[in-house]
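Load the model and follow along. The tour goes from a helix to a pocket, then to a loop.

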Amino acid sequence: MAKELINKWKNKLKMSGQKKTEEIEGTEEEVTQETNKAEEVEATPQEEIEELKLQVDEGKDKYLRLFAEFENFKRRNTKERFDLMKTAAQDTIVNILPVLDDFDRAKMMAEDDSNSETISEGILMVYDKLYNVLSAKGLTPMESTGLPFDPELHEAISEIPAASDDQKGIIIDTVEKGYYLNDKIIRFAKVVIGK
C-alpha cells in the first residue's frame, strides 16, 4: 500500500513538471510518513469498532438482565394478585367464624342424649347453609382431635394428664376449631393436650 501511494505521488509530480527528482526522493520520505499515519488512522477505526462491539455486547447483556428481571416481577405480581383474590374475603370469614362456632356448640348440645334441649330443623338448615356458603368460598375446618400436637397448626390452651402413654402429646379435645382458607391457615385450633 505504501508503494502504491509513493507511485501515485511520483506520477502527480511528473505530471506537474515542477519538481525535480531530488525533491521526489525527499517526497518519498514524506509519503512514507503519511502512509504510516494513514495506517495508524486505519488501526484506530478497528479499535473503535471493537470498542463499539464491546459496548453493544454490554448493552445486550443489560437488556437481557432487565428483561429477565421484569419477567420475574410480572410473574411475582401475578402470583401475589392471585393469592390476594383467593383470600380477599378472609377478614369477613374470620368475623363469621365465632357465629359458626356457636352453631357448632348448639348442634353438639342438641345431639347429646343427656341434654333435654333439642335443636329445630330450621336452625340446622341455617347452619348447613352457612357452612356450605363458607365452604364454597374455600373455608375448610382443621381436624385436630386425636392427632399429635403441631405448634404450627394448633394453639395449646391447657394440658391434662393422659389416660395412657400413647396419648401423651396427642390432642385430647378441641376447644375451638382451626380453619383453612384455600390452604392458608386463618385461625389456629385451640386444643387441650395430654401430658
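Phe-67 lies in helix H2, residues 21-86; helices are DSSP runs of H or I with at least four residues, strands runs of E with at least two, numbered from the N terminus. This is a predicted model, where local features need pLDDT of at least 70, side-chain atom pairs count only at pLDDT 80 or more, and totals for chains, interfaces and linings use all residues. Residues are numbered from 1 along each chain as its sequence is written, and side-chain values use heavy atoms, without hydrogens and water.

Phe-67 has 42% relative accessibility, so it counts as partly exposed (buried is under 20%, exposed over 50%, partly exposed in between, with a 1.4 Å probe and protein chains only).

Now turn to the largest pocket. About 300 Å³ of space lies in it, a volume being the space filled by probe spheres set on grid points joined across faces, edges and corners. A pocket is an open set of points on a 1 Å grid over the protein atoms alone, where a 1.4 Å probe fits, with protein on both sides within 12 Å along at least five of seven lines; lining residues have an atom within 4 Å of a point. Helix H3 (90-111) and strand S3 (171-176) each supply at least two lining residues. H3 gives the largest share, 6 residues. Among the lining residues are Asp-101, Arg-105 and Glu-176.

Asn-182 has a positive phi of about 55°, although it is not a glycine. Asp-183 sits in the loop between S4 and S5 too. Its phi is also positive, near 65°. Asp-183 counts as exposed because its relative accessibility is 75%. Asn-182 is at 25%, so it counts as partly exposed.
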